[in-house]
Amino acid sequence: MAKEEFIPKWIAWEVTGRCNLNCIHCRASSTMTSHDSDFSLAEAKQLIDDIAEIAKPVLVLSGGEPLLRKDLFEIAKYGTEKGFRMCIATNGVLVTDEVVGRMKESGIRICSLSLDGSAAAVHDDFRKQPGAFEATLRAAEIFNRNGMQFIVNSSFTKRNQHDIAATCKLAKSIGAHAWYMFMIVPTGRGEAIMSELISKEDYEEILEWHYRMEKQETEMLVRPTCAPHYYRVRREGPGLRPRGGLRLLRFFHHRSPPGAGGGIIRVHVILKE
Ligand code: SF4
């Protein structure tokens with residue numbers, strides 16, 4: 001058994017590289033012609049068994065677009081039976097009442113949806129697909145109608161940072177259980193938009209805005225993701241600049257070698273503050 005402080009609490013598992021969108025920041029550089037997966041259902045079950053020997057974390061089936069993977073619900077059901085808290089991260093395009101029914105049957109507890117702007121012009125420009133914004137709103141309606149809790153994940157660069165507060169407000173109005181603001185880590189297609197990354201001065205202001213917003217938010221959980229320095233803002237309060245002595249989140253990103261099975265896994269180990 002792993003030492004307690006290093007036991008993973010949350011694992012994101014990229015179960016397919018394929019995706020029906022073409023987002024500018026995609027860390028997996030996903031397209032519809034990307035590799036479907038490099039592991040079988042049997043290997044997926046083996047990986048779940050291996051993880052279960054160490055911990056029973058939240059296991060997020062991600063991608064690519066996980067709903068493109070035909071055996072997704074079999075993987076989800078197996079994880080549920082093994083005692084994991086199973087979740088799906090989707091861009092929302094393929095969500096229907098029937099799909100949510102299958103999610104519930106396989107024990108999915110919560111989904112995350114992508115929303116990168118408060119209007120179609122902003123979101124669709126980011127996702128490089130007209131209609132993606134409407135698809136997210138429609139998916140939220142379907143989740144609400146079927147009693148499936150969902151989180152909204154939002155990513156920002158210079159092109160949509162003006163819309164952060166409005167996106168947060170929209171996430172709340174469509175019934176999100178939580179809103180997670182993602183600070184982009186430029187990997188995959190994100191490496192091509194280095195010049196679009198939010199400046200360090202704006203970044204600091206955004207985290208301070210988030211801190212003030214979080215203190216007033218009573219209904220929706222909120223958290224910046226991939227922004228370990230937010231812990232400094234929370235600890236020292238807004239307006240104070242970095243002075244060292246931080247305790248960072250641990251972040252692992254593992255990609256199996258081609259043909260080795262297992263897909264891509266990201267793990268956050270949240271250390272005590
Ligand atoms: S929806 Fe996700 S996986 Fe698909 S292209 Fe966008 S960021 Fe990549």
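**Strand β5 and its neighbours**

Strand β5 and strand β6 (residues 178-183) pair in the parallel sense over six bridges; strands pair if DSSP finds at least two bridges between them. Helices (H or I, at least four residues) and strands (E, at least two) are DSSP runs, numbered from the N terminus. This is a predicted model: local features need pLDDT of at least 70, side-chain atom pairs count only at pLDDT 80 or more, and totals for chains, interfaces and linings use all residues. Residues are numbered from 1 along each chain as its sequence is written.

From β5 the chain passes through helix α6 (residues 164-173) to β6, a right-handed β-α-β crossover. Right-handed means that, with the strands pointing away from the viewer, the path from the first strand over the helix to the second runs clockwise.

β5 also pairs in the parallel sense with strand β4 (residues 110-114), over four bridges. There, Cys111 is opposite Phe150 of β5.

Is β5 buried or exposed? Seven of the seven residues of β5 (residues 150-156) are buried, so the strand is largely enclosed by the rest of the structure. Buried means 20 or more other C-beta atoms within 10 Å of the residue's own, exposed means 12 or fewer, and partly exposed is in between; C-beta atoms are placed from the backbone. Phe150, Val152, Ser154 and Phe156 point one way from β5, and Ile151, Asn153 and Ser155 the other way.

Finally, the whole chain: 35% of its 273 residues count as buried, and it has eight helices and nine strands.
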